[in-house]
Amino acid sequence: MKKGIYPAVAIANAFLETAQEKQEEISPMKLQKLVYFAHALSLAVYHRPLIDEPVFAWKFGPVIKSVYNEFRAYGYQPIHSLGTLIKKIGLAKTSDEGPGFEVCIPRIELHDHNVRNLVDQIWELYGGLSAHTLSNLTHKPGSPWETTRSEHQNGEIPDFELSQELIQTSMMKELGLMQEEIA
């Protein structure tokens, strides 16, 4: 499958901006699940990944490492700032030219209405749910996390990657876009 079109932190920032507009709080775990569901919906509806990195099976469900690393300092508290990335801007030949990178705040492109709509739809469906409820949804029977549970030993195997195909198939079934197999 193709690489995703956005850094996961850009999608996370879109949810953080939505939460701020609606004067709602969002914790790191809730943010993690919202980004996961947006990625899954993109795979199911548009047949392409939304984010440019893998999803791993951890104890509390699917995790995107860049989102985890960027916001983990908040613990269980609400997030109060947008995420950042380090962007390479070239190689510095001398110390006078600067470091060769810059810190940026990744965002969804202004005219990318499909992705903005996808984020809005996920917010409408899941934004009102708690982090714990969203985590439970990612563990329900038939979910990619639950389907591979024995392989990752309930999230205890580090770096167990959930395949995009499994995430896509699961969301397509959830949306009724794919027929269930008859036993």
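The model is a predicted one. It holds eight helices and five strands, and 42% of its 183 residues count as buried. Here are the points to keep beside you as you look at the structure.

**Overall layout**

- Starting at the N terminus, the elements follow the order α-α-β-β-α-β-β-α-α-α-α-β-α.
- Among contacts between residues at least 6 apart in sequence, 67% join residues at least 24 apart.
- The protein exposes about 10600 Å², and 52% of that area is supplied by carbon and sulfur atoms.

**The three-stranded sheet**

- Three strands make up an open sheet in the order β2-β1-β5, and their pairing is antiparallel.
- The edges belong to β2 (61-63) and β5 (161-162), each of which pairs on one side only.
- In general, the strands of a sheet pair through backbone hydrogen bonds, in either a parallel or an antiparallel way.
- Strand β1 spans residues 55-58 and joins β2 over three bridges, in the antiparallel sense.
- Helix α2, residues 28-45, lies across β1 and β2. The angle between α2 and β2 is about 85°.

**A nonpolar patch on the surface**

- Four residues form this patch: Val 45, Tyr 46, Leu 175 and Leu 177. Together they have about 330 Å² of accessible area.
- Leu 177 is found in the segment that comes after α8 (164-175).
- Leu 177 counts as partly exposed because its relative accessibility is 49%, and the partly exposed class lies between under 20% for buried and over 50% for exposed.

- Is Ser 170 buried or exposed? Its relative accessibility is 17%, so Ser 170 counts as buried; the cut-off for that class is under 20%.
- Which residues does Ser 170 contact, leaving aside its neighbours within four places in sequence? They are Gly 142, Ser 143 and Pro 144.

Notes. Residues numbered from 1 in each chain as written. Predicted model: local features only at pLDDT ≥ 70, side-chain atom pairs only at ≥ 80, totals over all residues. Heavy atoms only, no water. Pairing = 2+ DSSP bridges. Helix = DSSP H or I, 4+ residues; strand = E, 2+ residues; numbered from the N terminus. Contact = heavy atoms within 4.5 Å. Axes fitted to C-alpha atoms, helices over the stretch in contact; angles between N-to-C directions. Patch = residues over 30% accessible without salt bridge, like charges linked within 9 Å, V, L, I, M, F, W, Y side chains within 5 Å. Areas by Shrake-Rupley, 256 points an atom, 1.4 Å probe, with all protein chains shown as cover. Salt bridge = Lys/Arg side-chain N within 4 Å of Asp/Glu carboxyl O. Buried < 20%, exposed > 50% of the residue type's maximum accessible area, 1.4 Å probe, protein only.
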